[in-house]
Amino acid sequence: MKTKQHLFAEWNYSQKEWDEFVNIERANKKEDNIYFGIGILILGTLSLMLFRQISFFEGLVFAGPLAVLIPWLRMKFGYTHLKKGIAKPYVKIYSDYLIINDKKIQLFNNNKRVKSLTIIDTSKNKKLLEFDIQWITRKGPTNDEFRILIPKNKLEEAQNITKLL
């Protein structure tokens, strides 16, 4: 069954605005991925030591590359919408997905849902609309955040969207 998609908002940005946002968001994602990598390193090393009876250094040798590779792949392929130098950047917010510069990000489907939608402040006096997307895996629910820049004159529209989704 196909549902009709509703366009909630369409926001356009200057190239300078977009590039500043990309810098902010890449820094956020980089920080998240550093913590993710540290978690992989610690849990991977300890798990290998406990379940495979190997030494601490052997555990580091196996877990270390994964702790670097997995976050790097996540940044490379998971956030392709965070590119600088786009001539006419835009965001379209639909009822089930986002389109960010021709890249589609699914918000709702059989497996995914928006867990929360909030407006957050950045250190550079910008406001971001944060979509916390959750989906179920075999080991339980997992989530990821997608943030988009709220243009200065669209704050009220963003607040209305947080009530709709």
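Asn-101 sits in the loop between E3 and strand E4 (103-106); helices (H or I, at least four residues) and strands (E, at least two) are DSSP runs, numbered from the N terminus. This is a predicted model, in which local features need pLDDT of at least 70 and side-chain atom pairs count only at pLDDT 80 or more, while totals for chains, interfaces and linings use all residues. Residues are numbered from 1 along each chain as its sequence is written, and side-chain values use heavy atoms, with hydrogens and water left out.

Phi of Asn-101 is near 50 degrees, a positive value in a residue other than glycine. Most residues other than glycine have a negative phi. With 11% relative accessibility, Asn-101 counts as buried, a word that stands for under 20% relative accessible area, with exposed meaning over 50% and partly exposed in between (1.4 Å probe, protein chains only). Another asparagine, Asn-125, also has a positive phi, of about 55 degrees. Asn-125 is found in the loop between strand E5 (112-121) and E6. This one is exposed, with a relative accessible area of 74%.

Now for the overall picture. The protein has 3 helices and 7 strands, and reading along the sequence gives the pattern β-α-α-β-β-β-β-β-β-α. Its C-alpha atoms fill a box of roughly 60 × 40 × 25 Å, taken along the principal axes. Of the 165 residues in the protein, 35% are buried. The accessible surface comes to about 10800 Å², and 56% of that belongs to carbon and sulfur atoms; such areas come from the Shrake-Rupley method with a 1.4 Å probe, and for residues only the protein chains shown count as cover. As for contacts (heavy atoms within 4.5 Å), those between residues at least 6 apart in sequence include 57% that join residues at least 24 apart.

Next come some of the strands. Strand E2 (residues 90-94) has 4 of its 5 residues buried, so it is largely enclosed by the rest of the structure. On one side of the pairing list is strand E1 (residues 7-12), which is joined to E2 by 5 bridges and runs antiparallel to it; two strands pair if DSSP finds at least two bridges between them. In this pairing, Glu-10 stands opposite Lys-92 in E2. E2 is also joined to strand E3 (residues 97-100), by 3 bridges and again antiparallel. Here Lys-92 stands opposite Ile-99 in E3. A hairpin of 2 residues links E2 to E3.

Charged side chains come next. A search of the whole structure finds 8 salt bridges, each being a side-chain nitrogen of Lys or Arg within 4 Å of a carboxyl oxygen of Asp or Glu. One of them joins Glu-20 and Lys-16, whose closest N and O atoms are 3.9 Å apart. Because they are 4 residues apart in helix H1 (residues 15-52), Glu-20 and Lys-16 are separated by about one helical turn. Glu-20 is partly exposed, at a relative accessible area of 30%, whereas Lys-16 is exposed, at 60%.

Arg-147 has salt bridges of its own. The side chains of Arg-147 and Glu-25 meet at 2.7 Å, N to O. Arg-147 lies in strand E7 (residues 140-149) and Glu-25 in helix H1, so the pair ties together parts that are 122 residues apart in sequence. Both Arg-147 and Glu-25 are buried. Glu-130 forms a salt bridge with Arg-147 too, with the closest N and O atoms 2.9 Å apart. Since Glu-130 lies in strand E6 and Arg-147 in strand E7, this pair ties together parts that are 17 residues apart in sequence. Relative accessible area is 14% for Glu-130, which is buried, and 8% for Arg-147. Elsewhere, salt bridges that share partners join Lys-16, Glu-20 and Lys-126 into one network.

Finally, there is Asp-132, in strand E6 (residues 127-137). Asp-132 is buried yet has no salt bridge, and the nearest side chain of opposite charge, Lys-115, is 4.5 Å away; Lys and Arg count as positive and Asp and Glu as negative, while His and the chain ends are not counted. The side chain of Asp-132 does make a polar contact of 2.7 Å with the side chain of Asn-143. A polar contact is a pair of N or O atoms within 3.5 Å; within protein, one must be able to donate a hydrogen and the other to accept it, and residues adjacent in sequence count only if both atoms are side-chain atoms. Leaving out residues up to four places away in sequence, Asp-132 touches several residues, including Arg-113, Val-114, Ser-116 and Glu-145.
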